[in-house]
Amino acid sequence: MKQSIYQMLVLFLLLILCMVGASACVKDAPKEEFLAEREPPIDEKGQEKPAGQPIKIGFSMDTLLEERWLKDRDLFKESIEALGAEVEILAANGNDALQILQAEKLISEGVDLLVIVPHNAEATAAVVHKAHQAGIKVVAYDRLVKNADIDLYISFDNEKVGELQAQAMLEEAPKGNYVYLGGAETDNNAHMMKKGVYNVLQPLIDKGDIKIVYDQWTQDWAPENAKENMAAALSANGGKVDAVIAANDATAGGALEALKGYGLAEKIPVAGQDAELAGIQRIVQGTQTMTVYKPIKTLAKETAELAVALAKGEKVAVNRKVHNGKAEVPAVFLSPVRVDGTNLEDTVIADGFHSETAIYGPQ
Ligand code: GAL
């Protein structure tokens with residue numbers, strides 16, 4: 001009897017211990033903060049930059065041939081200057097060799113930090129190596145640089161972009177033949193967006209409700225290439241297409257040119273991205289179903305703040321990591337927003353991304 005009471009007591013104590021131990025285990029894992037540090041800025045003579053001399057940021061852009069990048073350029077410049085720093089902006093309009101030359105020019109001029117929107121995720125890795133040799137950190141803006149030790153990546157959640165597009169299309173066409181017009185294969189974002197689309201569609205594909213009858217990348221995100229691909233998809237399927245997901249509004253515009261030829265514009269749902277003015281106007285007219293709005297002002301402002309802080313050798317904290325094939329890169333992901341005919345006021349108009357006059361014309 002005495003022994004059994006003793007055993008009960010031991011058991012009871014063990015139980016208490018176990019319960020205390022367990023609750024500690026299920027507490028949320030603490031967020032890992034990534035501290036990207038840097039030595040104080042140095043000038044071209046290798047001297048520490050005299051206090052008061054403005055920080056100079058180099059901004060190497062893929063292209064200015066699309067509406068959104070013009071906004072990125074202006075909003076980034078505005079944000080950098082608001083922080084008392086300077087920025088030199090160069091754009092290569094889709095030419096890899098030129099982008100590398102331009103980035104090397106910024107490095108040789110001794111910028112304090114390089115921000116880059118790569119045309120080709122792989123080709124720009126060489127630039128990162130050169131920048132680091134010169135003691136210059138590199139931030140990838142919107143698009144990831146692959147296979148390089150970049151110091152920070154900041155973008156929107158591009159997988160989420162694809163998910164928002166696919167969800168909107170399923171609401172309009174829960175069954176049928178889908179066409180996917182991807183972005184540029186050289187752009188890592190295009191791969192993330194496509195992954196998002198298939199995250200949502202795959203279960204329906206497995207069930208046999210949805211059939212992807214055409215799926216192609218669009219070289220250089222060019223509308224004319226999207227139009228050609230859409231025409232190929234229509235002729236290959238005898239015009240039997242029930243929905244089109246185009247990776248951005250520019251390619252959606254190209255697709256709609258081809259759909260018009262088959263009398264399908266306004267007849268089938270079309271998804272886009274970027275909330276370009278033409279895309280928004282097509283939503284108002286009813287030829288495009290939705291787009292994905294990415295508040296570029298936030299992206300530009302946050303990048304400017306992080307870039308200037310890094311250039312000053314300050315610590316920055318981010319709470320995401322992305323593996324770019326070479327390293328776990330500290331990252332910041334911002335949220336994309338679904339836009340259709342029901343929420344233009346609360347999104348792109350409210351943010352001043354487009355004015356009512358620009359969208360609807362003079363009232
Ligand atoms: C992507 C970007 C999109 C789209 C596209 C074409 O990288 O995330 O918003 O604009 O480039 O330039």
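**View 1. The shell around the ligand holds three nonpolar, three polar and seven charged residues.** Here Asp, Glu, Lys and Arg count as charged, Ala, Val, Leu, Ile, Met, Phe, Trp, Tyr, Cys and Pro as nonpolar, and the others, Gly among them, as polar. The model is predicted, with pLDDT of at least 70 needed for local features and 80 or more for side-chain atom pairs, while totals for chains, interfaces and linings use all residues. Numbering runs from 1 along each chain as its sequence is written, and side-chain values use heavy atoms, without hydrogens and water.

**View 2. Among the 13 residues that surround the ligand, the closest are Asp142, Arg143, Asp187, Asp274 and Lys294.** A residue is near if one of its heavy atoms lies within 4 Å.

**View 3. The ligand lies between two domains, because domain 1 (56-150 + 296-334) and domain 2 (158-293 + 339-360) both give residues to its shell.** These bounds come from an automatic or database domain assignment.
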